[in-house]
Amino acid sequence: MILEPLLPKVLSVRHIPAAHPALLRSYGADPERHVSLGLVTCDQDDPTYVALDEATKHAQVDVVFAKSFYAGAAHASGPLSGEILGVIAGADPDEVGEGLAALLRCLAHDACFYAANDAGTIAVFPHVITSLGHYLSKVAGLAPGSSMAYLVAPPIEFTVALDAALKAAAVEPAQIDPPPSATNFASAFLSGAQPDCEAAAMAFAAAVVDVARRPIRPTAY
Amino acid sequence: MSALSRTRELVAALRHELGAQDPLPPAPPLPKVEPPPVRVFPTRRTESRYAQAASAHTTALLGIGHVGTRYATDVVLQFQAELAVAHEAVGTELPDDWAARNGLLPLRTRVADHREFLLRPDLGRRLDDASLARLRSDARRGVDVQPILADGLSAVACMGSGLALLEAYTRELEARGLTVGTPMCAKFARVWLEDEIGEAVGAKVAAILLGERPGLGTGDGLSAYLVFGPRVGKTDGDRNMMSNIHARGTPPEQAGRRLAVLTRAMLDQGTSGVALDLANLAAELGEAAGTAYRAPQKRVRLVEVER
């Protein structure tokens, strides 16, 4: 079934109420401002980035660490590693707990990859963030609260689809990461008004589906 | 589709557009939202017992406590109510016929209206020509003391306890064998008006009793400013003053006695203000003030709360 949600699987969630300062420092937190850490691993990295950003909108937390693992979830170092480790930090353990709850809500109900072919072997992430939190806004260099289309697909699909997305609406590329990423995908952040971001994201998804259906075109070659 | 995700709605619509009709698997169940607690308990109010004990002895804002980093709601409402009282006192105008109705010689300064009175203190310090002429023709001249009742910045205070203070002061002065000038009342008056009036009637001491600038909770306070040898050009350094003359501060009766003691000292020493030696007056002022026990005054509560 095309464009069926491929739901992300949360592999681990842990909360360290009062982390050791050395650990805080090595994961990018500031022991002066942060006390508590929230950790999550998941088999889909991009929905997790979106969910981490969502956490910053619901609680007084900072995303201090978020890195994708090489070659993706299918080649993970262990059953709990998945594709990404995300870490949020805050001064108040309750805030971190609230942040983790928002993050898990987002992974369960909002951010996910979609199947671009019937077999479900091609994944596309045409996600629209209506209002950026202070994590992704910093990554993308946009103002918190603005809208953004977060687009991810495998290399060839991404290239064709990004072109379609940029032409579909009045959007500006905030960041384009050509392939390969750590997980061998490619991604782009497009900024614009929310309706433009939505139009661009849907054009992107439609183009990925189109490439998946007809990978070799024109056939004359 | 789940209303939680705009993207999922959009993709479902796109999927339909692309011709896929088969139903999607059901969305994961929404998280249960806990019902709100039956009663929401407010943040506990924090109060210092020491400050509360101290607050029983003063009308000052002690022991008001705090809720987190803020004032408690009733304290904020009390602030606002008291500020409204102060605004109203400043905004009140003394009726033109009030002085005449109460048997006082009516005077008026060069101020045209209430707004000008607030904006031009200089005009409130001089009498207009008609008042000056009336003063010269009707007022008793060459007296020891010329008391002047005036509205100042609170006509409410003037109309409230002004007459009581004027009577108490006059009575105390006469009891000390001093001659007192014609009772008079000036509208739109500032403190320094007493210089011109005192000079015009040739009084040895001029005393203006006027509504003071209202503070929180005191829209009805009177002040008295006394000057020896009044003439235009005297400064504040030449004056002695007493403030907070109202029921919860110094009551008019008591204030009248203290002012009379002060006036007597001015006449004896032939000076006033900074030069006046108050060192030997302590006992007398204390006696005049009444050294008997006075019950602690409570701040008037404009906002009532149930505890």
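**Domain and chain interfaces in a predicted two-chain model**

Across the interface of domain 1 of chain A and domain 2 of chain A, 9 residue pairs are found in polar contact, both residues of each pair being at pLDDT 80 or more. The structure described here is a predicted model. On the side of domain 1 of chain A that touches domain 2 of chain A, at least two residues each are supplied by helix H2 (45-58) and strand E4 (62-68) of chain A. The largest share of that side comes from H2(A), which contributes 9 residues. By residue class, the side of domain 1 of chain A that touches domain 2 of chain A consists of 11 nonpolar, 3 polar and 7 charged residues. Although charged residues are present on this side, the count of salt bridges between domain 1 of chain A and domain 2 of chain A is 0.

The two domains of chain A are assigned to residues 8-111 for domain 1 and to residues 116-213 for domain 2. Their centres, taken over C-alpha atoms, are separated by 22 Å. Contact between them involves 21 residues of domain 1 of chain A and 15 residues of domain 2 of chain A. The area buried between these domains is about 1300 Å², with carbon and sulfur atoms giving 60% of it. Within domain 1 of chain A, the residues that lose the most area to domain 2 of chain A are Asp46(A), Val50(A) and Asp53(A), which together account for 36% of what that side buries.

Chain A also contains an open sheet of 6 strands, arranged in the order E1-E6-E7-E8-E10-E9 with antiparallel pairing. The edge positions are taken by strand E1 (5-6) and strand E9 (172-177) of chain A, each of which pairs on one side only. E1(A) is joined to strand E6 (residues 113-115) of chain A over 2 bridges, in the antiparallel sense. In this pairing, Leu6(A) is placed opposite Phe113(A) of E6(A).

In chain B, the domain assignment gives domain 1 at residues 49-90 and domain 2 at residues 93-288. The C-alpha centres of these two domains lie 31 Å apart. In all, 7 residues of domain 1 of chain B are in contact with 11 residues of domain 2 of chain B. Together the two domains bury about 720 Å² between them, and 73% of this area is on carbon and sulfur atoms. On the side of domain 1 of chain B, the most area is lost to domain 2 of chain B by Glu82(B), Ala89(B) and Val90(B), which together make up 62% of what that side buries. Polar contact between the two domains is limited to 1 residue pair, with both residues at pLDDT 80 or more. The side of domain 1 of chain B that touches domain 2 of chain B has 6 nonpolar residues, no polar residues and 1 charged residue.

Between the chains, 24 residues of chain A are in contact with 20 residues of chain B. Chain A and chain B bury about 1900 Å² between them, 67% of which is on carbon and sulfur atoms. The interface of chain A and chain B holds 8 residue pairs in polar contact, both residues being at pLDDT 80 or more. Helix H3 (93-109), strand E7 (123-129) and helix H6 (194-213) of chain A are the elements giving two or more residues to the side of chain A that touches chain B. Of these, H6(A) gives the most, with 7 residues. The residues on this side of chain A divide into 16 nonpolar, 3 polar and 5 charged.

Side chains of opposite charge can pair when their charged atoms come close. Over all chains, the count of salt bridges comes to 22, and 1 salt bridge is found across the interface of chain A and chain B. A salt bridge links Arg6(B) to Glu198(A), with the closest N and O atoms 2.7 Å apart. Arg6(B) also forms a salt bridge with Glu9(B), where the closest N and O atoms are 3.3 Å apart. Both Arg6(B) and Glu9(B) belong to helix H1 (residues 6-17) of chain B, and they lie 3 residues apart, about one turn of the helix.

Conventions:
Residues are numbered from 1 along each chain as its sequence is written. Chains are lettered from A and ligands numbered from 1 in the order in which they are written. This is a predicted model: local features need pLDDT of at least 70, side-chain atom pairs count only at pLDDT 80 or more; totals for chains, interfaces and linings use all residues. Side-chain values use heavy atoms; hydrogens and water are left out. Domain bounds come from an automatic or database domain assignment. Contact means heavy atoms within 4.5 Å. Buried area is the accessible area (1.4 Å probe) that two parts lose on being put together, summed over both. A polar contact is a pair of N or O atoms within 3.5 Å; within protein, one must be able to donate a hydrogen and the other to accept it, and residues adjacent in sequence count only if both atoms are side-chain atoms. Ala, Val, Leu, Ile, Met, Phe, Trp, Tyr, Cys and Pro count as nonpolar, Asp, Glu, Lys and Arg as charged, and the others, Gly among them, as polar. A salt bridge is a side-chain nitrogen of Lys or Arg within 4 Å of a carboxyl oxygen of Asp or Glu. Helices (H or I, at least four residues) and strands (E, at least two) are DSSP runs, numbered from the N terminus. Two strands pair if DSSP finds at least two bridges between them.
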